[in-house]
Amino acid sequence: KWWQLPDTANGLDVHATFQNIVADDFLCKEAGTITNIQVWASWKDNATAGVLSTTFELGIWSDLPATTANPHSRPAQLLWSETFVPGSYLVSNAGTGNEQFYDPDNNSLTPENVIWRYDFNPKKPFCQKGATNAPRVYWLSITARTVDPNLFFGWKTSTNHWNDDAVYGHVNAAGTALNDWKELYDP
């Protein structure tokens, strides 16, 4: 229902490896279950060791709209989450692009160019509640747990932005978001 295609010309791959979490908002105008989630990503230094061996935590959140005090919207309450272990998702090479791996914590950029597409089919799908006359904003979040602490997963920026910028934050050792969301922007 909602597509945000990867930016292959000047994209950034935002560091979403544990203990980082990245989220972006989307609009729901038709109620129904989310049975497939596709994420475009890259690995720092074009590493391939983590492509099939990573555990992903996906979440869907309610929206906390922007206010004068907080000028960007962000995830509010976690409504659904599911853990996807190796073998429970599909991954395919989606080509190459002119890109940078971006770590917002230290504002560093590293060139890389291989694009991967991950397909997640939830076992207990989230049922979104939006309608044409009563749309709802939700947030999709992702964090990756790699088997090697030297492997870094990055969620790709898109060509078709909607509403506010994506955000990033951190999770604790148990994987719970710390709600320290910060707006993402092109450095």
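Predicted model: local features only at pLDDT ≥ 70, side-chain atom pairs only at ≥ 80, totals over all residues.

Reader: OK. How many helices and strands does the chain have?

Author: There are zero helices and 13 strands. Going along the sequence, the pattern is β-β-β-β-β-β-β-β-β-β-β-β-β. The radius of gyration is 16 Å, close to the 16 Å the globule rule gives for 187 residues, so the chain is as compact as a globular protein of that length.

Reader: What box do the C-alpha atoms fill?

Author: Roughly 45 × 35 × 35 Å, along the principal axes.

Reader: And how much of the chain is buried?

Author: Buried residues make up 45% of the 187. The accessible surface comes to about 9300 Å², and carbon and sulfur atoms account for 51% of that.

Reader: What about contacts between residues at least 6 apart in sequence, what share join residues at least 24 apart?

Author: That share is 78%.

Reader: Charges next. How many positive and negative side chains are there?

Author: The chain has 12 positive and 20 negative side chains. The centres of the two sets lie 10 Å apart.

Reader: How many bridges join strand 2 to strand 10?

Author: Seven bridges, between residues 20–28 of strand 2 and residues 136–145 of strand 10, running antiparallel. Leu-27 stands opposite Val-137 of strand 10 there.

Reader: Now strand 11. Which strands does it pair with?

Author: Strand 1 pairs with strand 11 in the antiparallel sense over three bridges. Val-14 has Trp-155 of strand 11 as its bridge partner. Strand 4 also runs antiparallel to strand 11, joined by three bridges. On that side, Trp-43 has Phe-153 as its bridge partner.

Reader: Are the faces of strand 11 covered or open?

Author: Both faces are covered. Phe-153 and Trp-155 are buried on one side, and Gly-154 and Lys-156 are buried on the other.

Reader: Got it. Does strand 1 run parallel or antiparallel to strand 7?

Author: Strand 1 and strand 7 run parallel and are joined by three bridges. Leu-12 stands opposite Gln-100 of strand 7.

Reader: And how do strand 7 and strand 8 pair?

Author: They're antiparallel, over 12 bridges, with strand 8 covering residues 108–120. Tyr-102 has Leu-109 of strand 8 as its bridge partner. The two strands form a hairpin with four residues between them, and Asn-107 in the turn has a positive phi of about 55°.

Reader: I've got my eye on Asn-93. Where is it?

Author: Asn-93 is in strand 7, which spans residues 89–103. Apart from neighbours within four places in sequence, Asn-93 is in contact with Val-114, Ile-115 and Trp-116.

Reader: Why does Asn-93 count as partly exposed?

Author: Because its relative accessible area is 48%, and partly exposed sits between under 20% for buried and over 50% for exposed.

Reader: How far is Asn-93 from Asp-24?

Author: Their C-alpha atoms are separated by 23 Å, and the two are 69 residues apart along the chain.

Reader: Changing topic, which peptide bond is cis?

Author: The one from Phe-18 to Gln-19 is cis, with omega near 20°. Gln-19 is in the loop between strand 1 (12–15) and strand 2.

Methods
Residues numbered from 1 in each chain as written. Heavy atoms only, no water. Rg over C-alpha atoms; globule rule 2.2 N^0.38 Å. Buried < 20%, exposed > 50% of the residue type's maximum accessible area, 1.4 Å probe, protein only. Contact = heavy atoms within 4.5 Å. Areas by Shrake-Rupley, 256 points an atom, 1.4 Å probe, with all protein chains shown as cover. Lys, Arg positive; Asp, Glu negative; His and termini not counted. Charge placed at Lys NZ, Arg CZ, Asp CG, Glu CD. Pairing = 2+ DSSP bridges.
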